[in-house]
Amino acid sequence: MQSNRRDFLKLTGGASLLAATSGTVLAGCGGSDGPGATAKAAAKATPPEYLPYGSVKPDLPGTADGVMPGFFKYPRQLVDAYQDKPGAGAGEVKILTNMFNPAPPGAGSNTYWKSLNDRVGANLDITMTPAADYVSKLSTVIAGGDLPDILMIASKFPNRGEMLTKLCADLTSHLSGAAVKDYQFLANLPTDSWLPAMYKGGIHAIPIARSVIGTIMFSRADLLEARSLNPEPASYAEFVETAKGLTDAKANKWAFGASKGVTTFIGNMLGVPNVWKEDGGKFVSELEVPERKEAVARTAELVKAGVFHPDALGGKLQLRDLFGNGTIALNADGYAAWDLMADTYGVDVGGMPVPAYDGGKPVQREGAAIFALTAFKKAGDDRVKQLLRICDWLAAPLGTSEYLFRRFGVEGIHYTWKGDKPERTSAGKTQVSLPLEYVADAPHVLGPSNEQRVRTQRAYQEKIVPNLLANPGAGLYSATSISKADELDKLINAAELDIVSGRKPISSWDDAVANWKKRGGDKIRDEYSNQ
Amino acid sequence: MTLVLQRKTVARSNQRTQKTLSGRQRFRRDRFLLLIGLPGILLLVLFHYVPLLGNVIAFKDYAPYLGITEAPWAGLDNFRVIVDGDPDFVNALVNTLVISFVQLVLVFPVPIALALLLNSLLSERLKRVAQSILYLPHFMSWVIVVAIFQHMLGNAGLYNTWARAHDLPLLTIIGNPDLFIPLITSQVIWKDAGWSTIIFLAAMSRVDTQLYESVAVDGGGRWRQLWHVTLPAIRPVIVLLLILRLGDVLSVGFEQIFLQQGPVGLDASEVLDTYVYNRGIVGGNWGVAAAVGLVKGLIGTILVLGANKVAHLFGERGVYSKW
Amino acid sequence: MVNLISGTAPPSTPVRGLKGVVLIVACALVLVPFLAVLSTSLADQQQITSSGGYVLFPHDPSFAAYEAIFRGGVVTRATIVSVLLTVVGSGLSIVVVVSIAYSLSRPGTWGQRPLLFIVLFTLLFSAGIIPNYLLIKELGLIDSYWALILPGLTSAFQIIIVRAFFLDVPAEIIDAARIDGANELQILTRVMLPLSKAVVAVVGLFSAVGYWNAYFNAILYINSPEKWPLQLVLRTYVVDNTQVGGDLPGEVMPPQQSLQMAILVVSLVPICLVYPFLQKHFAKGVVLGAVKG
């Protein structure tokens, strides 16, 4: 394999390629990744300055350490952020992105789409693909060589770095450092979220940012209260007590519906690193620390204790439905699910902060800083500027007229005000589901929803933010990690499931970790450590 | 019986003609017949063979951003996933062969039996209604089929939830590694047995009714009619489908199994396709996928050709004939 | 229609009883889950909750899930697209499959074995999605309905099955037709096809189901949402179990479970309507003797 790699470099006259490649990739072996970009190179680029947008005042301001700003209602005094049409002169703009919502009517029969084009000043030709099939679609489009003007790159897309540098526009001169000032809403995206967009000394994409809050252990606050159980246990023992109190096998009521989130939650109690831990430039995987193994063992005990839904292990349960209907009372899910579950099922949702296992300090894993990246087809500076302005417009935050239009369409046609809430009309429900938030989006906020819920969410965030633990590998680039991450995850998940379900003893964990190292874990460590 | 006789005569007469005519003469004779098939064959070559050239990436270090011609050669690296002799691979191969064998023995005959049953119904209306019902499950996706089985038989399914509420013994079916193969086999039967009767029923519909009558005249009962008329009439189709199924012996319901691996673990449920998926394809390893596809195709070809030979030894026509 | 086994005594009672039991059990095993699917599509969240996922008899049937699906006309439009694709696709497919099968069905013709191998190998070797995409792109068929129709026209499996049926047509019938002055095409349309209605119906059904259920090619080849077939549109309703309905506060979607079941019903009904029309061809026994005259 090594010699092949070198042959390839010779064949392609790879002197320049070799110069741009870190030594670790050549020393490594296996995997289909081409010459890898590294963040050592990326360190040369300056991330865009972070200039928070100040013209809209939230009811509860965000904090520097990650508490999200909160809104009790939709602002009615809207700011018109753009006076002109951002895409004027851009003509036809082809966009490729994924979607999670039911398909909207096509451009020809969609008044929302028409007024979108009108406001942007360009003809947005959006190709939407169901999220589950997006990687296949993106792979074929890239293989076909004819890229759309704007395309979403899934965060785990294999060979992401090579692909971006080779095929997509270099945005460095447009966005690096202070240059981002021309795009006030792109400058409103936090610095963390820009790091994954940088390769080989350049900025090659814009991020679709996510909050550091990450995953929350949601609880059915109403059920906990009805059984007089402690919604915020202070130790592992109290956590187990709550879980047992929530379980009533004969009535088909259980504490949990899936094991993965529980293992992570217990791991957080024990202070397990967030995927990686950096120790004086040396990287250690969470899998290698004894606390991680202990978390698996504890979960296995809980399964034995019967507090899990009987089909929880490896099952494909509709967890949100089960949570909503009270079959399970605790469910780990992304922070955005809070409002979703509260509204969809009309139940009282709470967030359970991680307690210390038994004294000591718990941790709360930071979530990934991005959902995905948005890249651009190579083009002249003027064209790239037009495309960036369109994305900037799409990233206008809550409180601007652009945001309200993007989310709700045109008043009277797609929505009407009902008190403080815009409510979608029947036309709005079907037409305003273009997946624009997967092209570019503002950072997330809390609400707007009723004040009490926003305050509850806020209180939860204030409690956990001091314990936030970053993944030191998150801003770094490892070609092996990107192409092998899913495979290695599957390996560990399968081993974990074998233990948790009682099929295998906890001692088999060590074999799985050894296997993980052999199949790529060690290589990822090397790539990180050498940056 | 007459049908069988006729076939033999045809075969013999053709062997004769072949000996007497040269290739050129035969081409002249058959040119109109060939012309009828030509447009279709061209379509087939265009849409199946041209893309097959893309399988060259089995020998390359391919990624979509590189382009097929630009990607560097990788020798046989992509085949390593197969020949490494990794114990997980051996486990997956054994599981695949066991499942394939079980399904060949248990699943393959079910639609034949069902078709015979339907065909023997006296009431044409009853037959149609039953047929229409039985073919429905074919249209359900595996996701739904798996969900329905889980709802019925799961540890929190209908029975077990009821049993738990009444302190009765529980049945661990889903999530029990020992019952995994029976479970997926019964799912396959449930989903596709009705649908698969269609080809056999079509074959049975062509049986000359005079043949039934002649058996009856000879004093034969219904079993003799079945044995001497119906079965011989559908035997070529059975043999044909069996041979084609052999070509697929290394593929066992990827989606179906993939969806159900979690509860039973990989030791019991990993098969070749899921192994390759979990090892290569999730990481965007296109070359590995192509390499495994080639090897499976090669093994499938050998099995089909071999099975066809065996069929000839037993005097069956098989997929293609000797001439 | 006279039953096929005329001239025989009806089966004995125990045999009939056994057959009846087998058939009833088999149909019940299929029907009960389908009843559950239909009922669940009409049920509300409360009942789904209390029953744990599926409902056998909805207390208070509601068409909310169906209204949600058909709202806005997207599904209606996609249904029309799918019907057209299915009709055109399976119609052409019958023509192509039958013509290839026929040209390879006369024993001893020139080049038959290599041509048959060409067909057979497409069953055993397949190309990945990228080479297929590149071909469609080179042919200029991206975002064209033809990209969804043409690649599926030549199913090797169907060709081999039809050929097997053609081979069973006795040579003397073909010879007789030739003596009457029929050319190859006339032999196909006047002799082979009337004798092989059942298998043509099978091929038509297989292709129709294939075209009806296909969504993945549309994901790869079709960019305009107006041209999406039904299965692809429906897929966006259930694409991800973790996604529950609208992302907006205050917007309550029908229960996910009933939505999924309604989608199953919507995608099932049209293709089920085709079946009775084809079914009659399976039932009629062809009386070869009569043709032989």
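Q: What makes β10-β7-β11 of chain A an open sheet, and in which sense do the strands pair?
A: In this predicted model, the three strands follow the order β10-β7-β11 with antiparallel pairing. β10 (330–334) and β11 (349–352) of chain A each have a single partner strand, so one side of each has no neighbour in the sheet and both stand at the edges. From one strand to the next, the twist averages 45 degrees.

Q: Why are both faces of β11(A) called covered?
A: A residue is called buried if 20 or more other C-beta atoms lie within 10 Å of its own. A:V349 and A:G351 are buried on one side of β11(A), and A:G350 and A:M352 are buried on the other. Side chains in a regular strand alternate between the two faces of the sheet. With buried residues on both sides, both faces of β11(A) are described as covered.

Q: Which helix lies across β7, β10 and β11 of chain A, and at what angle to β7(A) does it run?
A: Helix α15 (residues 337–345) of chain A lies across these strands, running at about 25 degrees to β7(A).

Q: What are domain 1 and domain 2 of chain A, and how many residues does each give to the contact?
A: The domain assignment gives domain 1 as 92–212 + 370–445 and domain 2 as 215–365 + 469–529. Their C-alpha centres lie 32 Å apart. Nine residues from domain 1 of chain A and nine residues from domain 2 of chain A take part in the contact. On the domain 1 side, the classes are three nonpolar, four polar and two charged residues.

Q: What makes up the side of chain B that touches chain C?
A: The contact involves 79 residues of chain B and 82 residues of chain C, counted where C-beta atoms lie within 7 Å. Elements giving two or more residues include α1 (2–20), α2 (23–52) and α16 (286–313) of chain B. α2(B) gives the most, with 18 residues. By class, this side has 47 nonpolar, 23 polar and nine charged residues.

Q: What makes up the side of chain B that touches chain A?
A: Here 32 residues of chain B are in contact with 35 residues of chain A. The elements giving two or more residues are α8 (158–165), α13 (261–264) and α15 (272–279) of chain B. The largest share, four residues, comes from α8(B). This side divides into 13 nonpolar, 15 polar and four charged residues.

Q: Which secondary structure does chain C have, and where does its record place the transmembrane regions?
A: Chain C has 15 helices and zero strands. The unreviewed UniProt entry annotates "transmembrane region" at several spans, including residues 21–43 and 114–133. Residues 21–43 are 96% helix and 0% strand, with end C-alpha atoms 32 Å apart. Residues 114–133 are 80% helix and 0% strand, with end C-alpha atoms 28 Å apart.

Note on methods. Residues numbered from 1 in each chain as written. Chains lettered and ligands numbered in written order. Predicted model: local features only at pLDDT ≥ 70, side-chain atom pairs only at ≥ 80, totals over all residues. UniProt positions renumbered as here; feature names shortened; annotations may be inferred. Contact = placed C-beta atoms within 7 Å. Nonpolar A, V, L, I, M, F, W, Y, C, P; charged D, E, K, R; others polar. Pairing = 2+ DSSP bridges. Axes fitted to C-alpha atoms, helices over the stretch in contact; angles between N-to-C directions. Buried ≥ 20, exposed ≤ 12 C-beta atoms within 10 Å, placed from the backbone. Domains from an automatic or database assignment.
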